[in-house]
Amino acid sequence: MSEELKNGVDERPDVSGNEAVISIEHLTKIYKLYDKPTDRLKESLGLSRKKRYTEHYALNDVSFDIKKGETVGIIGTNGSGKSTILKIITGVLGATSGEVKVNGRISALLELGAGFNMEYTGLENVYLNGTMNGFSKEEIDARLDDILAFADIGDFIHQPCKTYSSGMFVRLAFAVAINIDPEILIVDEALSVGDVFFQAKCYHKFEEFKKMGKTILFVSHDLGSISKYCDRVVLLNKGVKRAEGAPQAMVDLFKKLLVNLDDEEETEEAPAEEAEKKPTDAEAAESIRQKTEEKIKADDSLTGGLPMNPNTVSYGEKQAEIIQVLTMDANGNVTGSLEKNKPFTIKMKVRFNSDVNEPIFAYTIKTLKGTDVTGTNTMYEDTPLKPMKAGDVVEITFDQDMNLQGGEYLVSFGCTGYMEGDFRVFHRLYDILNITVISTKNTVGFYDMNSKVTAAVKEKD
């Protein structure tokens with residue numbers, strides 16, 4: 001078993017005395033994929049004995065338990081089966097095989113507004129959804145003030161939902177779902193609805209549920225929220241449960257999966273004699289470095305295996321050409337998921353097609369809306385560079401700490417310089433990489449000044 005998984009299992013909360021409120025045993029969900037609609041029709045009518053479909057395993061023999069009072073996260077790449085497993089737990093989908101046992105009242109925030117009638121007013125939909133969840137009119141009346149206060153849509157509550165903006169609609173849907181006093185809360189990316197103030201209100205409610213000891217099953221691409229709120233995390237990959245354990249260990253393993261740096265055998269139990277040979281921190285770091293170098297050499301793609309923005313803008317005179325760019329975390333993994341307040345590395349590799357005496361290498365980090373947040377270049381950093389000859393290949397490494405707020409950013413790269421006294425743009429790649437900053441604490445604006453706060457109460461005169 002890998003070091004990450006050892007640590008993950010060791011750090012799991014002690015819930016051995018708690019009963020399992022959700023028990024998932026050997027759960028499998030198979031979809032039949034047909035090449036043509038007529039193949040589906042022929043099979044349904046029994047007109048063909050030949051198998052006309054291929055089987056896609058959305059889930060394949062997945063098992064785990066969730067104890068009472070736990071907050072458990074599920075993470076994985078797109079198509080790993082996260083939403084499928086939630087829909088089976090809540091009864092929206094049926095399983096092909098396996099069993100799911102649930103002990104408690106569930107409130108599921110999967111597809112906000114499911115079951116709403118767009119012709120009804122917001123108020124009528126509150127009562128409709130409450131009734132669908134098993135509440136009497138008197139019970140809904142008792143919760144109505146809390147629902148209306150949370151939604152905060154004013155007199156629009158008396159208007160048909162078809163007249164609502166998308167923001168108003170999700171606010172009401174969330175308010176209804178969150179105020180039915182569930183024993184088990186299931187959340188699928190629903191905490192990202194509305195504006196920043198409404199999101200803050202949603203997270204505050206989420207924290208209230210944790211303090212009340214309610215059981216929470218949480219699916220999100222926001223790895224910062226997963227690390228902050230979850231007691232334990234289940235990692236799915238291509239429909240299979242890859243591992244489970246402490247949040248940070250699972251996030252680290254997930255980042256490896258994103259760039260195929262993970263070895264399948266690492267999650268298997270190692271022989272007893274090998275388990276005793278625990279590598280030192282230096283050995284572990286060297287192992288990661290070697291594996292990363294092998295991965296980069298094996299993958300000569302422009303982004304070193306990282307997802308590339310299909311809308312990347314590339315231009316320049318090509319006296320020099322950027323042939324690879326990538327980002328790496330504090331452990332040396334090639335990844336676009338970087339932790340706040342941890343070191344990280346930006347690398348670019350450039351091949352020179354002409355002699356250049358004064359090259360300049362640069363990167364810029366922007367918001368998704370295109371606002372420059374930060375960046376630097378070798379001229380600003382006063383980095384000594386020798387003249388480059390045609391055919392030279394140089395690798396530039398920028399090492400720094402990640403002080404940006406949690407969120408999504410785009411990274412641009414450039415190679416420029418001076419030839420015969422004139423400034424020239426050799427090659428630029430705009431917005432080629434996406435990075436996700438994982439944070440458990442954000443402040444105002446783009447970056448964190450890491451303030452140290454003290455408070456002293458002065459005695460009255």
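**Exercise 1. State which helices each supply at least two residues of the lining of the largest cavity, and which gives the most.**

Step 1. Helices α4 (122–132) and α5 each supply at least two residues of that lining. Helices are DSSP runs of H or I with at least four residues, and strands are runs of E with at least two, numbered from the N terminus.

Step 2. α5 gives the most, with four residues.

Step 3. The model is predicted: local features need pLDDT of at least 70, side-chain atom pairs count only at pLDDT 80 or more, and totals for chains, interfaces and linings use all residues. Residues are numbered from 1 along each chain as its sequence is written, and side-chain values use heavy atoms, with hydrogens and water left out.

**Exercise 2. Describe the largest cavity by its volume and its lining.**

Step 1. A cavity is a set of points, on a 1 Å grid over the protein atoms alone, where a 1.4 Å probe fits but cannot get out; lining residues have an atom within 4 Å of a point. Grid points are joined across faces, edges and corners, and a volume is the space filled by probe spheres set on the points.

Step 2. The whole structure has two cavities of 30 Å³ or more, and the largest holds about 60 Å³ of space.

Step 3. Its lining consists of V126, G130, F135, E139, I140, R143, I147, V176 and I180.

Step 4. By class, six of these residues are nonpolar, one is polar and two are charged. Ala, Val, Leu, Ile, Met, Phe, Trp, Tyr, Cys and Pro count as nonpolar, Asp, Glu, Lys and Arg as charged, and the others, Gly among them, as polar.

**Exercise 3. Describe how α5 packs against α6.**

Step 1. The axes of α5 (residues 137–151) and α6 (residues 166–178) come within 8 Å and cross at roughly 145 degrees. Axes are lines fitted to C-alpha atoms, for helices over the stretch in contact, and angles run from 0 to 180 degrees between N-to-C directions.

Step 2. In α5, I147, F150 and A151 meet R171, L172, F174, A175, V176 and I178 of α6; contact means heavy atoms within 4.5 Å.

Step 3. This contact of α5 with α6 has eight nonpolar residues, one charged and no polar.

**Exercise 4. Give the strand order of the open sheet of three strands, and name its edge strands.**

Step 1. The order is β11-β13-β16, with antiparallel pairing. Two strands pair if DSSP finds at least two bridges between them.

Step 2. β11 (320–328) and β16 (393–401) are the edge strands, each pairing on one side only.

Step 3. β13 (residues 343–352) and β16 pair over nine bridges; T345 has D399 in β16 as its bridge partner.

Terms used. 1 Å grid on protein atoms, 1.4 Å probe; cavity = no way out; pocket = protein on both sides within 12 Å on 5 of 7 lines; lining within 4 Å.
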